[in-house]
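Subject: Structure handover

Hello,

Here is the structure you asked for, with notes on what was found in it. Please open it next to this message and read the two together.

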Amino acid sequence: RRRARPTRVAMAEDPPPPADKMTDDDADALRDLVIDLRRTLPDPTARDIADAIASIAEDDDADGATRRVASLATANRVKKLNTRLNKETREKELRDMLEPDETDGPLVLEELIEWPSETSLREHLAEDLSANVFRASERARRVAADGEGEGEDAATSTSLEYRRALCELAGFHDAKYVLWTLTDEDETSELMLVCDGVRRWRRDGGGGKAKGGGDGDGASEVRAVFVVDFLRGNPRSGAHKRALAAAKAKHAGEMGKARASAAAQDVFETHLRRNRHYDDKYAAAGDAAGDGARDAETPRRSYVVTPAPEWFR
């Protein structure tokens with residue numbers, strides 16, 4: 001008597017993962033999502049990032065793959081990933097200036113004191129040995145304004161250009177200019193800034209933040225906070241010309257002008273937009289139409305924090 005052959009059951013080569021199982025591709029996508037949120041939220045905590053991801057998971061307009069990854073992003077997974085990214089950031093030799101500001105969350109500008117008028121902001125950022133925002137190698141190869149002196153790499157990094165532009169703005173503040181512009185060499189992109197003051201943020205020697213940025217014992221890190229109304233556009237366009245003309249009429253006197261590539265302006269705009277993230281979010285959630293509905297010629301209020309000097313030591 002012949003034995004019956006066992007029935008062969010067809011099996012899929014790659015069975016789909018369980019609904020709550022995160023694949024390697026999902027893990028990579030989650031990492032990319034967290035990195036993006038670290039660049040678009042103002043100095044976020046892991047909880048801030050987890051809340052933003054939870055909103056994405058419920059957003060019907062988000063694509064299916066993103067919603068799936070967001071649905072798998074538990075608070076614990078996000079916390080571990082954010083901690084790992086913080087460690088990687090501290091160990092990075094070079095920074096793109098899009099990293100979180102490391103100011104213990106969004107700033108309450110009203111708690112910060114004004115930058116002392118007797119202290120040159122430009123010297124603080126460019127010359128002070130303990131506070132400047134340049135590496136020794138970057139300072140050594142800087143070219144003089146007349147083109148003389150030691151040369152530097154043909155391609156100046158956007159990070160370095162951004163920090164140099166910050167120093168230009170600091171010089172405008174020292175000169176008491178209120179209206180500032182950063183324009184690229186081709187004059188196709190211009191960032192207009194109307195300064196409403198510079199404030200001081202301080203972290204004490206024990207690792208905590210001195211509320212209000214006031215004086216205290218053991219102060220070890222002092223950073224500047226530029227409070228500005230900003231507007232970016234094409235300097236040749238009628239709308240931008242009208243906005244600039246209105247600013248000139250309101251703020252009579254000399255205007256500070258500097259060159260900055262479109263890429264460096266992108267970095268400024270990233271900081272400016274993310275630091276008003278919650279203003280836009282709550283405005284859009286209320287009766288107001290939100291910042292996105294504003295006239296294209298109307299500047300918006302935000303702030304930029306200078307980089308931590310320890311990043312360059």
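Does K176 count as buried or exposed? K176 counts as exposed, because its relative accessibility is 67%. Keep in mind throughout that this is a predicted model.

K176 sits in the loop between α7 and β2 (179–183). The backbone of K176 has a positive phi of about 65°, although the residue is not a glycine. Most residues other than glycine have a negative phi. D43 also goes against that rule, with a positive phi of about 40° and no glycine there either. D43 belongs to the loop between α1 and α2. D43 is buried, with a relative accessible area of 10%, whereas K176 is exposed.

The chain as a whole

The chain has 313 residues, and 41% of them are buried. Its secondary structure consists of 10 helices and 6 strands. Of the contacts between residues at least 6 apart in sequence, 74% join residues at least 24 apart.

Helix α3

Helix α3 runs over residues 64–72, and V69, A70 and L72 are buried in it. These residues span an arc of only 165° around the axis, so they lie on the same side of α3. An α-helix has 3.6 residues a turn, so residues three or four places apart point the same way. The exposed residues G64 and S71 are on the face of α3 turned away from its buried side. The buried residues of α3 are covered by elements including α1 (24–40), α2 (46–57) and α4 (75–91).

Helix α1 against α3

How do α1 and α3 pack, and at what angle? The angle is about 90°, and the axes are 10 Å apart. The two helices are therefore roughly perpendicular to each other. On the α1 side the contact is made by D26, A29 and L30, and on the α3 side by R68, V69 and L72. Sorted by type, the residues of this contact are 4 nonpolar, no polar and 2 charged. V69 and L72, which take part in the contact, are also among the buried residues of α3.

D25 is another residue of α1. D25 is exposed, with a relative accessible area of 60%. The C-alpha atoms of D25 and V69 are separated by 9.4 Å, while the two residues are 44 residues apart along the chain.

Helix α7 against α9

Helix α7 (residues 158–174) packs on helix α9 (residues 262–274) at an angle of about 70°, with the axes 9 Å apart. That angle makes α7 roughly perpendicular to α9. From α7, the residues in the contact are T158, E161, Y162, A165, L166 and L169, and from α9 they are A263, A264, V267, F268 and H271. They divide into 8 nonpolar, 2 polar and 1 charged.

Two residues in α9

Which residues does H271 touch, leaving out those up to four places away in sequence? They are M97, D101, Y162, S302, Y303 and V304. Y162 is also listed in the contact of α7 with α9. H271 lies in helix α9 and is buried, with a relative accessible area of 3%.

Q265 is in helix α9 as well. Q265 is buried, with a relative accessible area of 0%. The side chain of Q265 reaches the backbone oxygen of A260 at 3.0 Å. Apart from neighbours within four places in sequence, Q265 is in contact with L182, T183, D184, S189, E190, L191, R232 and A260.

Regards

Conventions
Residues are numbered from 1 along each chain as its sequence is written. This is a predicted model: local features need pLDDT of at least 70, side-chain atom pairs count only at pLDDT 80 or more; totals for chains, interfaces and linings use all residues. Side-chain values use heavy atoms; hydrogens and water are left out. Buried means under 20% relative accessible area, exposed over 50%, partly exposed in between (1.4 Å probe, protein chains only). Helices (H or I, at least four residues) and strands (E, at least two) are DSSP runs, numbered from the N terminus. The arc is that of the directions from the helix axis to the C-beta atoms. Contact means heavy atoms within 4.5 Å. Axes are lines fitted to C-alpha atoms, for helices over the stretch in contact, and angles run from 0 to 180 degrees between N-to-C directions. Angles under 35 degrees count as roughly parallel, over 145 as roughly antiparallel, 65 to 115 as roughly perpendicular and the rest as oblique. Ala, Val, Leu, Ile, Met, Phe, Trp, Tyr, Cys and Pro count as nonpolar, Asp, Glu, Lys and Arg as charged, and the others, Gly among them, as polar. A polar contact is a pair of N or O atoms within 3.5 Å; within protein, one must be able to donate a hydrogen and the other to accept it, and residues adjacent in sequence count only if both atoms are side-chain atoms.
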